[in-house]
Amino acid sequence: MDRQVKVDYHNPVKLSTEQAWAKVLEEPDQVRRQWLKDAIKSILKEQNILLVSHYYVHPDLQDLAIETGGIVADSLEMARFGKNSSAQTLVVAGVKFMGETAKILSPEKTILMPDLEANCSLDLGCPVESFIDASQHYPEHVKVVYANTSAAVKAHSDWVVTSSCAVDIVKHLRDLGKSIFWAPDKHLGNYIKNETGADMVLWQGSCIVHDEFKAFELEQLKKERPQAIVLVHPESPSAVIALADVVGSTSAILKAAREFPNQEFIVATDSGMMHQLRTQNPGKIFIEAPTSGASATCKSCAHCPWMAMNGLENLYRSLVEKRGEIVVDETYLAKAKIPIERMLQFTSRSSGTTKPGMVPGIGAA
Ligand code: SF4
């Protein structure tokens, strides 16, 4: 029997209306936008604060991070950068688990976020009580969790992984003869299981953005654009992954876009990625993978509503008022650090350290 079916109590928790709705930010007009950018740059410089932005946030916040000596990165590099940075205050433009990870790794630092309510469907769909309850049925399994989880879940885990190192870490555990209890993303878990052949029990959570990519429509698009390379993030459904030329993390997608000589790419990940893809590859064409059926009346925007809660206005306010500070419960702080450090040590064997003002893998921006 498929082991995914056996663990039916791992069904994702239904989000309440309050949790499911995110705020839609108003774009400032051009004059205000420029004023905010200049003011933010001054504060960051004067107060020696570094901006750590994820690839999915607004292009202005990505550009500001690069221009001020911070970083734009995936969650693994964000964590590593925050830990190695000498700045005593970091402002994290991303979602809550990214701010929490920075705090866990550097409890002495002040970690600010533009909006503390920016969350993630994977984190929300894996409450710690349910995680403990489910994992207790598999006492011999190694608990491996995606970075997109709360500090509390991490504190009850053996390993934390990101999509850029998950396959390698699970292969390592498989070679040690370990079985794995995986949470929370079912698509990423299934992908890792197929890639490694590891014995894995999968939690059934999903990312509300990547879950929307459609395989049939992607197949049609590939026929219309036979020269295009298809780049897919492994949080996407398996039928979409099966159509990919490259499956990988946001960093792997950027690397592939730079290295393939092709001029056209179809991209199945959050549309926030388009900014770096286009900036780094002028002249190449990037097309969003389909998120609706041919006769659909609804179409996903392929943009994370929680990532979209990071804007210039609330970034400015968090810097001026020092509000939006991440606090991690003392109960979890030390325990959650262990599986994250395990990941960083494992991955540092194969990757260098990212310096300020850089985009990982491409040098100074
Ligand atoms: S894009 Fe998906 S996985 Fe990433 S933060 Fe948003 S909901 Fe979570």
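In S10, Val247 is the bridge partner of Val232. Strand S10 (residues 246-247) runs parallel to S9, and 2 bridges join them. Strands here are DSSP runs of E with at least two residues, helices are runs of H or I with at least four, and both are numbered from the N terminus. Two strands pair if DSSP finds at least two bridges between them.

Val232 also stands opposite Ala268 in S11. Strand S9 (residues 229-232) pairs with strand S11 (residues 264-268) in the parallel sense, over 4 bridges.

## Basis of the model

This is a predicted model, in which local features need pLDDT of at least 70 and side-chain atom pairs count only at pLDDT 80 or more, while totals for chains, interfaces and linings use all residues. Residue numbers start from 1 along each chain as its sequence is written.

## The four-stranded sheet

An open sheet of 4 strands has the order S6-S5-S7-S8, with parallel pairing. Its edge strands are S6 (159-161) and S8 (200-202), each of which pairs on one side only. On average, neighbouring strands of this sheet are turned by 25 degrees against each other, direction ignored. Axes are lines fitted to C-alpha atoms, for helices over the stretch in contact, and angles run from 0 to 180 degrees between N-to-C directions.

Strand S5 (residues 142-146) pairs with S6 in the parallel sense over 3 bridges. Val144 stands opposite Trp159 in S6.

## Helices H10 and H11

Helix H10 (residues 166-175) lies across S5, S6 and strand S7 (180-183), at about 150 degrees to S6. Helix H11 (residues 186-196) lies across S5, S7 and S8, at about 165 degrees to S8. Pro184 is in the loop between S7 and H11. The peptide bond from Ala183 to Pro184 is cis, with omega near -5 degrees.

H10 and H11 pack at an angle of about 55 degrees, with their axes 10 Å apart. The two helices are therefore oblique to each other; angles under 35 degrees count as roughly parallel, over 145 as roughly antiparallel, 65 to 115 as roughly perpendicular and the rest as oblique. Their crossing is right-handed. A crossing is right-handed if the near helix is turned clockwise from the far one by less than a right angle, and left-handed if anticlockwise.

Ala166, Val167, Val170, Lys171 and Arg174 in H10 meet Leu188, Ile192, Glu195 and Thr196 in H11. Contact requires C-beta atoms, placed from the backbone, to lie within 7 Å. By class, this contact has 5 nonpolar, 1 polar and 3 charged residues. Ala, Val, Leu, Ile, Met, Phe, Trp, Tyr, Cys and Pro count as nonpolar, Asp, Glu, Lys and Arg as charged, and the others, Gly among them, as polar.

## Helices H3 and H16

The axes of H3 and helix H16 (residues 312-321) come within 10 Å and cross at roughly 30 degrees. The crossing is left-handed. From H3, Arg33, Leu36, Lys37, Ala39, Ile40 and Ile43 take part, and from H16, Leu312, Glu313, Leu315, Tyr316 and Leu319. This contact has 8 nonpolar, no polar and 3 charged residues.

Asn48 is found in the loop between helix H3 (30-46) and strand S1 (49-54). Its phi is near 50 degrees, a positive value in a residue other than glycine.

## Ligand surroundings

Among the 14 residues around the ligand, Cys120, Ser121, Cys207, Val209 and Cys304 come nearest. A residue is near a molecule or strand if its C-beta atom, placed from the backbone, lies within 6 Å of it. The shell has 10 nonpolar, 2 polar and 2 charged residues.

How values were computed
Contact = placed C-beta atoms within 7 Å.
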